Protein chains: 4
Amino acid sequence: MPDRTPTRDFTLIVRYAETDAQGVVHHANYLTWFEEGRSEFLRQQGCFYSDMERDGFFVIVAKATVEYRAPSFYEDRITIATTLQRGRGRLLEFSYKATNQDGVLVAEGQTRHLVLDAERRMVSIPEKYQKLINRIEKLVPFGG
Amino acid sequence: MPDRTPTRDFTLIVRYAETDAQGVVHHANYLTWFEEGRSEFLRQQGCFYSDMERDGFFVIVAKATVEYRAPSFYEDRITIATTLQRGRGRLLEFSYKATNQDGVLVAEGQTRHLVLDAERRMVSIPEKYQKLINRIEKLVPFGG
Amino acid sequence: MPDRTPTRDFTLIVRYAETDAQGVVHHANYLTWFEEGRSEFLRQQGCFYSDMERDGFFVIVAKATVEYRAPSFYEDRITIATTLQRGRGRLLEFSYKATNQDGVLVAEGQTRHLVLDAERRMVSIPEKYQKLINRIEKLVPFGG
Amino acid sequence: MPDRTPTRDFTLIVRYAETDAQGVVHHANYLTWFEEGRSEFLRQQGCFYSDMERDGFFVIVAKATVEYRAPSFYEDRITIATTLQRGRGRLLEFSYKATNQDGVLVAEGQTRHLVLDAERRMVSIPEKYQKLINRIEKLVPFGG
């Protein structure tokens, strides 16, 4: 039986290249981590984003917000908990919480996405992917 | 006479490494561009951030928001207009508008910053830098 | 009259995001700088790589070597001198010297490139681009 | 009993941010992957590089070479096999082979490293770390 809750975890080890001269992770990397959080979320939902692009659909980022709570360091073990907040019609929204190996919340954020077709026109989430998203229980009332 | 308006421009040419498989600039790079926008803003104000770090002060990012309006492409000429929105006490806030060579707004955003001392404790903007910031006229009423 | 020497300069200011926890520029960024060095080389030669891709040709990197001579720091002014070493048939080769604002050589390297068509098959440098490359005088005997 | 062979594996899933407009992984990322290959190598050897920096030693990259054999794509599963080639005196050398989920060699390379102390002076590999390296059997004759 598939997981029907709207949150999935993705864990990474901080790379040296992700640090900056302050000795901590550079703030732009959290957007990349969040992106991999939602990639992993979709993979666990049976939805490979690389397939979606092969089908001629592109998910773009329309808005992103990050709040930085504590620094992360090289070799930290960071878990990104990604929650699908909305996934109906033309809009996808995710939220993220990044915590380190000591359970400290290091950052949280939200992203809003639109779906484009091969001509970069805005479209609704393709049916095949909408079905996979609909398996997530908590989201049913959300879009109502 | 120094420029006393609160907005400064910084222009860059999009690098190939900044693009992604969608053929457009990856969304995380805008945070890096905004950062260079405020670096250049501070440099034009006589304030080199590298000096600030040598003085033992670190400006960290507490929050960042980006709204993506249009895609950017390799070799586009992007101008980041950086505006100091607040620079008093413990808080620095900047806003950004990124436009391409055709005048199209590609992204806009805001960042909020805190100042830390060498022990990573929150402090007020050091006097030497506060003075440089105070030269910007439009900000005087803002902090009132 | 076009510049017929095989070396062109490209200058950049080191970004904060390019530094790492050692306080210096992370070594992977030099490959990105070299790439922008050759982008600028080609632009000065009247050859926009973005046009080349629109024409259905892709220049890929087959081999890259970097030797690191001295560290670079945030806000350093780095000049990349890019030299076309070979540009005939199926092979393009460039060499690079990166020096900082004090004239210190910080890194040097070479890259070798192949040209692919839209189906990712190896092809010769397209005639239109070969002509632009042939304007560089010193290269004429090189390929002989 | 510790692993005494000189090769260790590290596996990663390609991130979207690592791709470029050619639809493949941008070539500079392989240096970052190799770096994480050797980070993981050292971790499996009981040697955390973050500890080393806390002890006041910095391993820098003196030279890097990458040969690109085949493209990598978003969501590919890449294994970096990192081999310690030399680890004695002032010199560390590693070689790398990156293969994808189908066993295709996508890139290989070498890096040469020097050890610096807190004042950025070249020093020999600190004894504590030399001991950990010496556990690798095949390397004993190498430095002879």
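How many residues does the contact take from chain A and from chain B? In this predicted model, the count is 14 residues from chain A and 14 residues from chain B.

Let's start on the chain A side. Two elements of chain A each give two or more residues to the side that touches chain B: helix H1, spanning 29-44, and strand S2, spanning 58-68. Of that side, the largest share belongs to S2(A), which supplies nine residues. Sorted by class, the side of chain A that touches chain B holds eight nonpolar residues, along with four polar and two charged ones.

S2(A) pairs with strand S2 of chain B, residues 58-68, and the two run in the antiparallel sense, with five bridges between them.

Next come chains B and C. Chain B can be superposed on chain C by a rotation of 180 degrees, with 0.0 Å of shift along the axis and an RMSD of 0.0 Å. Why does that matter for naming the symmetry? Within chain B, the C-alpha nearest the axis belongs to B:Leu12, at 4.7 Å from it. The two copies also use the same surface, since 92% of the contact residues of chain B recur in chain C.

Notes: Residues are numbered from 1 along each chain as its sequence is written. Chains are lettered from A and ligands numbered from 1 in the order in which they are written. This is a predicted model: local features need pLDDT of at least 70, side-chain atom pairs count only at pLDDT 80 or more; totals for chains, interfaces and linings use all residues. Two residues are in contact if their C-beta atoms, placed from the backbone, lie within 7 Å. Helices (H or I, at least four residues) and strands (E, at least two) are DSSP runs, numbered from the N terminus. Ala, Val, Leu, Ile, Met, Phe, Trp, Tyr, Cys and Pro count as nonpolar, Asp, Glu, Lys and Arg as charged, and the others, Gly among them, as polar. Two strands pair if DSSP finds at least two bridges between them. Copies are superposed by least squares on the C-alpha atoms of residues with pLDDT of at least 70 in both.
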